[in-house]
Structures are given as structure tokens and as C-alpha cells.
Amino acid sequence: MAGFETLVDAYIRHLTIERGMSKNTIAAYRRDLRRYLEFLDTRGIETISDITELAVQDFAAGLVSVAGLSATSVARVLAGVRGLHKYWLLENLTKADPAASVKPPKAPRRLPKAITVAQVEDLLNAVGGDDPIAVRDRAILELLYATGARITEIVSLDLDDLIDPTLLRVLGKGSKERIVPVGRYAQIALESYLVRTRPLLAVNGKGTPALFLNQRGGRLSRQSAWQIIHDAAKAAKLPGEISPHTLRHSFATHLLEGGADVRVVQELLGHSSVATTQIYTLVTVDALREVYATSHPRARR
């Protein structure tokens with residue numbers, strides 16, 4: 001065991017000096033590799049030349065079955081183990097790398113979090129009244145849900161991006177531009193903001209072209225927009241964590257539930273691949289089952 005620790009210490013020094021890793025990252029590597037050394041000790045493995053691919057595979061399997069680690073945590077631990085063996089190979093301490101072919105388990109696909117239409121309405125109605133800031137906040141929420149745009153895309157909008165009351169020009173990831181329609185409720189909320197609130201906020205600034213302004217007349221930040229959603233969700237007493245992406249996910253899910261073609265939703269979301277959008281169809285599988293059960297002549301016994 002002592003010999004292994006010396007070899008691991010050499011690897012840790014390499015990470016610290018040559019790779020310049022942070023103290024927290026180095027500490028995590030130490031913990032993970034300590035777990036690996038303890039496993040090797042239980043197997044009676046005394047030299048690095050005795051470590052086989054099967055031993056590394058058993059270690060990885062034990063991280064799930066015995067330690068109960070998540071797929072993400074297993075991947076992190078294995079990254080340290082694979083790095084250690086690669087280092088030993090490059091330093092000519094071993095003639096082979098037994099960890100090279102050992103892959104971490106795939107993380108389960110996480111479904112996007114969506115809320116119901118009724119919950120969306122509760123969220124939107126939580127921001128009401130004639131207060132100028134409330135009018136702005138309602139416009140932001142309505143626009144997020146109406147367009148499915150990312151929060152960064154919304155706060156990056158300029159006045160010129162309003163093609164007309166029904167269309168919006170959005171600049172997405174990779175500077176890809178797309179045109180998205182704006183629903184009637186969002187149109188009304190946006191018009192109210194432009195007429196009643198933006199002029200009041202603009203006098204405090206320096207003539208920015210930004211669509212949404214903060215109280216100093218500058219462009220509203222992403223963090224401030226996120227806080228608007230957080231506060232509205234709290235006021236609406238919605239369960240769980242409601243983020244800007246919640247409205248984006250809900251937009252996509254509700255469109256698909258309403259019968260929209262997945263390729264249309266892909267275009268509206270600004271996804272480069274339809275495969276990215278198809279994850280939302282998993283969310284609506286219950287709706288598909290219900291339609292099938294009520295429509296297919298041999299669905300019911």
C-alpha cells in the first residue's frame with residue numbers, strides 16, 4: 001500500500017505542477033484515488049503490474065452497487081483512475097493501461113422540467129398591477145413563455161428586434177438568428193411595457209437600444225431576469241425550483257401536446273438538431289397514451 005501511495009503522490013504532484021489544477025480539484029482527486037487504493041488493497045494487489053482491466057471494471061461496478069454513487073460521480077472517480085494509469089504508462093512505469101477501455105455508466109437522460117398550463121397562468125398572474133416594474137416583469141414572463149427563448153436571448157433583445165407586434169428576431173447560440181412568432185397575450189403585455197414603462201426607465205440611462213431596461217436605464221441583466229422569475233414563482237406558490245428554462249421547457253412541451261410538429265418546435269427553439277427537440281416527446285408520452293386509448297378501436301379490452 002505504501003508503494004502505491006508514493007506512486008499516487010507523484011501523479012498528484014504532476015497534476016498540481018504540470019496541469020495547474022486548483023486545490024479543490026486536487027483534493028477531490030486525492031479522495032477518489034484513496035478509494036481506489038483501498039479497493040486494490042482488498043483484492044490483495046500489491047504492484048501496479050498486477051492491476052488488470054477486470055480489476056478496474058470491478059472497481060467501477062462497486063462504485064454503483066456498493067458505494068451507491070450516481071453515474072456522474074462514478075464518471076468523476078473513473079476519470080481520476082484513468083488519468084492515473086495513463087500517467088503510469090507515459091512514465092514507463094507500466095507496459096499497458098488496464099483502465100483505457102473501462103467506461104463509466106451512462107448517466108440517465110434527464111427529462112426537461114415542465115409545469116402545467118394552469119401553473120404557467122398562476123406564474124404570470126403573480127406579476128400584476130399598474131406598477132411600472134410589474135408591467136415590465138409581466139412582459140418578460142409572457143415573452144419567455146410565448147417564444148420559448150432562452151433568458152440570455154430575451155435580455156439581449158434590442159428594440160430593432162421587434163419586427164412587428166407579431167414577430168421577434170432572436171439571436172441564439174452560435175450567433176444563429178431565428179424569427180419567432182409572438183402570441184396575443186405577450187403582444188399586449190409587451191405593448192403595455194413599451195408605452196407605459198420603458199420611457200420612464202429610459203430617462204435614467206444613456207439611450208441604450210436594449211428592449212428590457214433596469215431601473216438605471218441600462219440593459220436588464222440575466223441575473224435580474226432570473227430573479228424576476230424566482231420571485232413570481234414564490235408569489236404563485238409553485239412547487240420546486242422554477243427557472244427561466246422551466247418556461248422554455250413548458251413552451252416546447254405544451255406545443256407538442258397541442259399537436260405541433262417536432263420540426264416546427266425545433267425551429268422555434270433554435271435547436272440545430274431535431275434529436276435535441278425530441279427529448280420533449282418523452283415528456284408527452286402520457287398524452288400520447290391517452291389519445292391512443294381513446295382513439296384506437298382495439299386499444300381497450
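Let me start with T197, which touches P132, V135, R136 and S192 once residues up to four places away in sequence are set aside, where contact means heavy atoms within 4.5 Å. T197 is found in helix α8, residues 184-202, and helices here are DSSP runs of H or I with at least four residues, strands being runs of E with at least two, numbered from the N terminus. At 0% relative accessibility T197 counts as buried, the cut-offs being under 20% relative accessible area for buried, over 50% for exposed and partly exposed in between, with a 1.4 Å probe and protein chains only.

Before I go on, a word on provenance: this is a predicted model, in which local features need pLDDT of at least 70 and side-chain atom pairs count only at pLDDT 80 or more, while totals for chains, interfaces and linings use all residues. Residues are numbered from 1 along each chain as its sequence is written, and side-chain values use heavy atoms, with hydrogens and water left out.

Turning to the whole chain, the protein has 14 helices and three strands, and its C-alpha atoms fill a box of roughly 75 × 65 × 35 Å along the principal axes. The radius of gyration is 27 Å, whereas a compact globule of 301 residues would have one near 19 Å; that radius is taken over C-alpha atoms, and the globule rule is 2.2 Å times the number of residues to the power 0.38. Buried residues make up 40% of the 301 residues, and among contacts between residues at least 6 apart in sequence, 56% join residues at least 24 apart.

Now to one helix pair. How do α2 and α4 cross? The axes of α2, residues 23-42, and α4, residues 71-90, come within 9 Å and cross at roughly 80°, the axes being lines fitted to C-alpha atoms, for helices over the stretch in contact, with angles running from 0 to 180 degrees between N-to-C directions. That makes α2 roughly perpendicular to α4, since angles of 65 to 115 degrees are given that name, those under 35 being roughly parallel, those over 145 roughly antiparallel and the rest oblique. On the α2 side the contact is made by Y29, D32, L33 and Y36, and on the α4 side by R76, V77, G80, V81, L84 and H85. These residues divide into six nonpolar, two polar and two charged, where Ala, Val, Leu, Ile, Met, Phe, Trp, Tyr, Cys and Pro count as nonpolar, Asp, Glu, Lys and Arg as charged, and the others, Gly among them, as polar.

Next, two buried loop residues. H271 sits in the loop between α11 (262-269) and α12 (274-277), and at 14% relative accessibility H271 is buried. Its side chain makes a polar contact of 3.4 Å with the side chain of R248, a polar contact being a pair of N or O atoms within 3.5 Å in which, within protein, one must be able to donate a hydrogen and the other to accept it, residues adjacent in sequence counting only if both atoms are side-chain atoms. V127, in the loop between α5 (117-125) and α6 (132-147), is buried at 10% relative accessibility, and beyond its neighbours within four places in sequence V127 is in contact with A134, D137, R138, L141 and A232.

Finally, backbone angles. Most residues other than glycine have a negative phi. N92, in the loop between α4 and α5, has a positive phi near 60° and is exposed at 68% relative accessibility.
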